[in-house]
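Reader: Can you walk me through this one? I'm new to it.

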Amino acid sequence: MALVVQKYGGSSVADGEKIMNVARRIARTAQDGNRVVTVVSAMGDTTDELLELAYNVSDSPSSRELDVLLSTGEIVSSTLLAMALKSLGESAISLTGAQAGIRTDNSYSRARIMNIDPKRIVNELDKGNIVIVAGFQGINEDMDTTTLGRGGSDTTAVALAVSLKADKCEIYTDVQGVYTADPRIVSQAVKLDEIGYEEMLEMSTYGAKVMHPRAVELGQIYGVPILVASSFMDKPGTLIHGGISMEGRNKVTGIAHDLNVAKITILGVPDRPGIAAAIFERLAGAAISVDTIVQNASTENITDLTFTIAKSDLGPAMEIVKPLAAEIGARDFVSDSGVGKVSIIGTGIQNTPGFAARMFTALSRESINIMLISTSEIRITCIIKEDKVKDAIRALHKAFELEQA
């Protein structure tokens, strides 16, 4: 008897009818002889609606209370799904993150899972129950509810699959799998049958929203294959795993993009030891993640330093940069929130020449100017104007012939 962990996103449980459809899918999985643990997100736009309510009553709601509030969205959908399963004649029970044994650190709104004690889940499975776990949440050492941040339900599902030594981890969403590019932008985008952990991690980190990077990373570390498929149709999805065939290792796998990008340049920075540390330590202390960093060649011991962050972090970052620029003796600073990034991703990039030239040529033909470039062994990313991102995606998809994937 296999143990299957399934996860259903917010669009999959957005209303009563969709919850019943998900219940029927889960019931079929159980009737096939599997033990089933299901993780669910909040219904539809519930999380956004709860956030709006919080800020209607407080300009700066307590982070602790905010986590308690936001966790209720997943609790609602998990209890409704358990009720739906019971109406179909299945034995089911809903559990909060705390009841499921998910222990986290103390970082409200972006907590990390420290460990999972799956005893309660195992006991319920042994009773013959389908177990429905509220995703996106856990409990810290003070017994306070915490939330895991964006994509937290994906992380919950993979972490439970690891803890329970599940045979399968299946992520059901509103798309059929992982595509070579966003199919809403590129009509010729092709669904991939399989993709390696490393490529998927780069895809999700650099803009592909189908899976959260933390969940992919967990799957890679513990060797848990993850199936991404549609909850609305019975079609094969995309398997994320480690054993990609040699046939798929010498080409670009996909195009990722991200519009949640802002650029900050500190001008006329004294080129001396400790300056970069002072800047980025201050940003890290405010929990602001920095992506691409470029420092110009020094002229007369003066340089310019440019870096990118999430657009949503621009306000807090500028509050840090303004006094810091004066403190380090910089001449000035500027920001730009009208940028985006586009990336080509594939294992072939690391060993085969010509990918960068091909990428830059394709962008040049569309008169797209490249502001910044960053790379990894399997990725090349360009920072460009936000209004050129869609054109760039289409041009790159065509240039690398991904419609033939």
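Reader: How does K311 count at 26% relative accessibility, buried, exposed or partly exposed?
Author: K311 counts as partly exposed, at 26% relative accessibility. Buried means under 20% relative accessible area, exposed over 50%, partly exposed in between (1.4 Å probe, protein chains only). This is a predicted model: local features need pLDDT of at least 70, side-chain atom pairs need 80 or more, and totals for chains, interfaces and linings use all residues. Numbering runs from 1 along each chain as its sequence is written, and side-chain values use heavy atoms, without hydrogens and water.

Reader: Which side chain meets K311 in a salt bridge?
Author: E386 does, at 3.3 Å, N to O. A salt bridge here is a side-chain nitrogen of Lys or Arg within 4 Å of a carboxyl oxygen of Asp or Glu.

Reader: What does the pair tie together?
Author: Parts that are 75 residues apart in sequence, because E386 lies in the loop between β18 and α11 and K311 in the loop between β15 and α9. Helices (H or I, at least four residues) and strands (E, at least two) are DSSP runs, numbered from the N terminus.

Reader: How many salt bridges are there?
Author: The count is 16. One of them joins R184 and D182, at 2.9 Å, N to O. R184 is exposed at 75%, while D182 is buried at 16%.

Reader: New topic. How many disulfides turn up?
Author: A search of the whole structure gives 0. The rule asks for a pair of cysteine sulfur atoms within 2.5 Å. C169 is buried, with a relative accessible area of 2%. C382 is buried too, at 0%.
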